[in-house]
Amino acid sequence: MTAVIELRGVTKSFRTDRRSSTTAVDDVSLAVEEGSIVGIIGYSGAGKSTLVRLLNGLEKPTSGTVEVLGVDVGDASEATLRDLRRRVGMIFQQFNLFTSRTVAANVAYPLKVAGWKKADRDKRVAELLDFVGIGDKAKQYPRRLSGGQKQRVGIARAIATDPRILLADEATSALDPQTTAEVLDLLREVNRRLGITIVVITHQISIVHELCDQVIVMEGGRVVDSGDTYRVFAHPRAELTKRFVAAVTQGVPAGETLSALAAGGGDLVSVEVNEFSSEDVSAVFHRHGARHSVVYGGVTDVLGKQLGTLTYRVHAEDLAPIVAELRAHTDVVLPGEGVRA
């Protein structure tokens, strides 16, 4: 596939005073393939916001090359960057709508700037509002809308001029879980039906799990992990990635929790669930005639696949062959012993 975004050895530093500077993005190289949904995840200070500004040409790199849709952002003139921004849509955490304009006028704004005739603008706006599910809100003002409806307006405005790329900067951070799920469904439709490449900037691992084909994990301005979303989270290379996974799957019990579970009898066996699913784990226990129940842990869904760690209380005459069979497929810990295959 064709890369629509390529960064090669990109560093972005800012002067803090005459003698010193701070580096927000540090020697980053990455590629985003056309038609994909890519998540860039990291905590505050990771460099995500600066990276977005580099992608839409609001900042130029200190060194390295930022290429978006074939345009070298660092060398481009302001006129070239204005043309590029028409092909790169943007949605924001706080929506950034014009409060004094109606929903329809907000969506029409980029079309008016691009020189569309009024009749064409009106037709396009009606199509877009129907697409995002708020066709009946055209004459209302943003103050009358819910957060989810405001973000739908933002998405309609961002895709009005048929961009090839959509940048979503913390676009669901201000929304409740149900509304977030609805917005993610809409973004999937934007990608699937319109073929728009989407880059999602977020600190929420759940957003990446549910939406993104590829993930880039950033820390301290650097890329510390990247690749297929399931691979990255099922087999994390960086400590930060491991912490993201542990935050939603609980991991292996320890301390007082482990002591309380151990007092309940049986053997505790913690099993990493990945391509080897929880159903596969249960099948192993059943083959050995072992009574078992989940007593700790959690499993999340990554693009329809299970990922997590489950701790079982197991009652069996001989645990060793059960553990051996499980370890032939996945990682196993016997809590308290600290033994991992």
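Visitor: Which residues does phenylalanine 233 touch, if we are not counting residues up to four places away in sequence?

Guide: Contact here means heavy atoms within 4.5 Å. By that rule phenylalanine 233 touches Ile205, Val208, His209, Val215, Thr241, Phe244, Val245 and Leu307. A word on the source: this is a predicted model, in which local features need pLDDT of at least 70 and side-chain atom pairs count only at pLDDT 80 or more, while totals for chains, interfaces and linings use all residues. Residues are numbered from 1 along each chain as its sequence is written, and side-chain values use heavy atoms, with hydrogens and water left out.

Visitor: Which residues touch the most other members of the largest nonpolar core?

Guide: A nonpolar core is a set of buried Ala, Val, Leu, Ile, Met, Phe, Trp, Tyr and Cys residues joined through side-chain atoms within 4.5 Å. Buried means under 20% relative accessible area, exposed over 50%, and partly exposed in between (1.4 Å probe, protein chains only). The largest core has 50 residues, and Ile91, Ile155, Leu166, Leu187, Val190 and Phe233 touch the most other members. H6 gives the most to this core, with 5 residues. Another core, of 31 residues, lies apart from it and includes Val25, Ala46, Leu69 and Val199.

Visitor: What is the strand order in the open sheet of 6 strands?

Guide: Helices (H or I, at least four residues) and strands (E, at least two) are DSSP runs, numbered from the N terminus. Two strands pair if DSSP finds at least two bridges between them. The order in this open sheet is E6-E7-E8-E3-E9-E10, and the pairing is mixed. E6 (88-92) and E10 (222-228) each have a single partner strand, so one side of each edge strand is left without a neighbour in the sheet. Direction ignored, neighbouring strands are turned by 15° against each other on average. Within the sheet, E3 (residues 37-41) and E9 (residues 214-219) run parallel and are joined by 4 bridges; glycine 39 stands opposite valine 215 in E9.

Visitor: Which strands does helix H6 lie across?

Guide: For angles, axes are lines fitted to C-alpha atoms, for helices over the stretch in contact, and values run from 0 to 180 degrees between N-to-C directions. H6 (residues 177-194) lies across E3, E6, E7 and E8 (197-202), at about 150° to E8. Helix H5 (residues 147-158) lies across E6 and E7 (165-169), at about 170° to E6.

Visitor: Where does valine 281 lie, and is this residue buried or exposed?

Guide: Valine 281 lies in helix H11 (residues 278-287). Its relative accessible area is 0%, so valine 281 is buried. Leaving aside neighbours within four places in sequence, valine 281 is in contact with Val271, Phe276, Tyr312 and Leu326. Isoleucine 322 is 41 residues away from valine 281 in sequence, and the two are 9.9 Å apart in space, C-alpha to C-alpha.

Visitor: How many residues of strand E13 are buried?

Guide: E13 (residues 305-315) is mostly covered, with 8 of its 11 residues buried. Two strands run antiparallel to E13: E11 (residues 267-273) is joined to E13 by 7 bridges, and E12 (residues 291-302) by 11 bridges. Follow threonine 311 in E13: this residue is the bridge partner of serine 270 and also of tyrosine 296. The hairpin of E12 and E13 has 2 residues between the strands, and leucine 303 takes a positive phi near 50° there.
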